[in-house]
Amino acid sequence: MRKALLFAPMMTLLLALLCACGGKEEARSRQVQEDFQDLRAQAEVTLTCHYADEVRTYGLSCVYAPEKSTVTVTAPADLSGVSAEFDGETLSLRYDDILIDAGVCSGTELSPFWAVPSLLRAMGEGYLLEVCREDLWDIPCLRAAFEITAEDGGKTVYTVWLSEENQPVRGEITVEETLVYGVDFTSFTKEGEYDGGTDAATDVGGD
């Protein structure tokens, strides 16, 4: 009986500590959402596209702003320089007379070009589904999942791993529990750091 009486307060204390940790993580994720609502940034990423019958990988450079983003292909070499602009409604592809299929992937209307801007936008505007601490590539991270509901009722989940400096390390875009895009950030620089600030982007890990 005495052991039971001692065990109960210990469990209560443990649960309280766990709740406190969860509260800190959620508070941090809310701060991240605030920071990313008006975000303007540059990012270099490796985008992995999980199609039904194959996996494709692209290197992309993204200049992001909520009202308009530009994404340029850096790899593979035969597509290097192809770019796209997105204003929230229309997607324009350009590079002389070369065109790239912006198509539909696994039931989502997200083009590979729009994957990175949509991930960054979801971090500022999405509904927070879950948050926890999770190491990635030996980097201590905050893992947060955000949901965006389309006009037709379709739901897309954007999961992001953030370093302790709130730099995105990796993102995943999932539609109906199927992974569609994986986004590995090789550098990420907020406006002010590259415009009149530091010249170099922050290395956030990955490959």
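How many of the eleven residues of helix α2 (residues 115-125) are buried? Ten of them are, so the helix is mostly covered, where buried means under 20% relative accessible area, exposed over 50%, and partly exposed in between, with a 1.4 Å probe and protein chains only. Helices (H or I, at least four residues) and strands (E, at least two) are DSSP runs, numbered from the N terminus.

Before going on, the basis. This is a predicted model: local features need pLDDT of at least 70, side-chain atom pairs count only at pLDDT 80 or more, and totals for chains, interfaces and linings use all residues. Residues are numbered from 1 along each chain as its sequence is written, and side-chain values use heavy atoms, with hydrogens and water left out.

Confidence next. pLDDT is the predictor's confidence in each residue, from 0 to 100. The chain averages 79, and 74% of the residues score at least 70. Strand β1 (residues 41-50) has the highest mean, 97, and helix α1 (residues 2-37) the lowest, 56. Over residues 1-21 the pLDDT is below 50, and that stretch has one contact beyond near neighbours in sequence, a contact being heavy atoms within 4.5 Å. Residues 196-201 also stay under 50, with seven contacts beyond four places in sequence. Where pLDDT is low, the predicted coordinates should not be read in detail.

Back to α2. Its buried residues include Pro-117, Ser-118, Arg-121 and Gly-124, as well as Leu-120 and Met-123.

On cysteines: Cys-62 is buried at 2% relative accessibility, and Cys-141 is buried at 4%. The count of disulfides, pairs of cysteine sulfur atoms within 2.5 Å, is zero.

Last, the backbone. The peptide bond from Ala-75 to Pro-76 is cis, with omega near 5 degrees; Pro-76 sits in the loop between β3 (69-75) and β4 (83-86).

Which residues other than glycine have a positive phi? Trp-137 has one near 50 degrees, in the loop between β6 (127-133) and β7 (142-149), and is partly exposed at 39%. Glu-177 has one of about 65 degrees, in the loop between β9 (168-175) and β10 (178-190), and is exposed at 81%.
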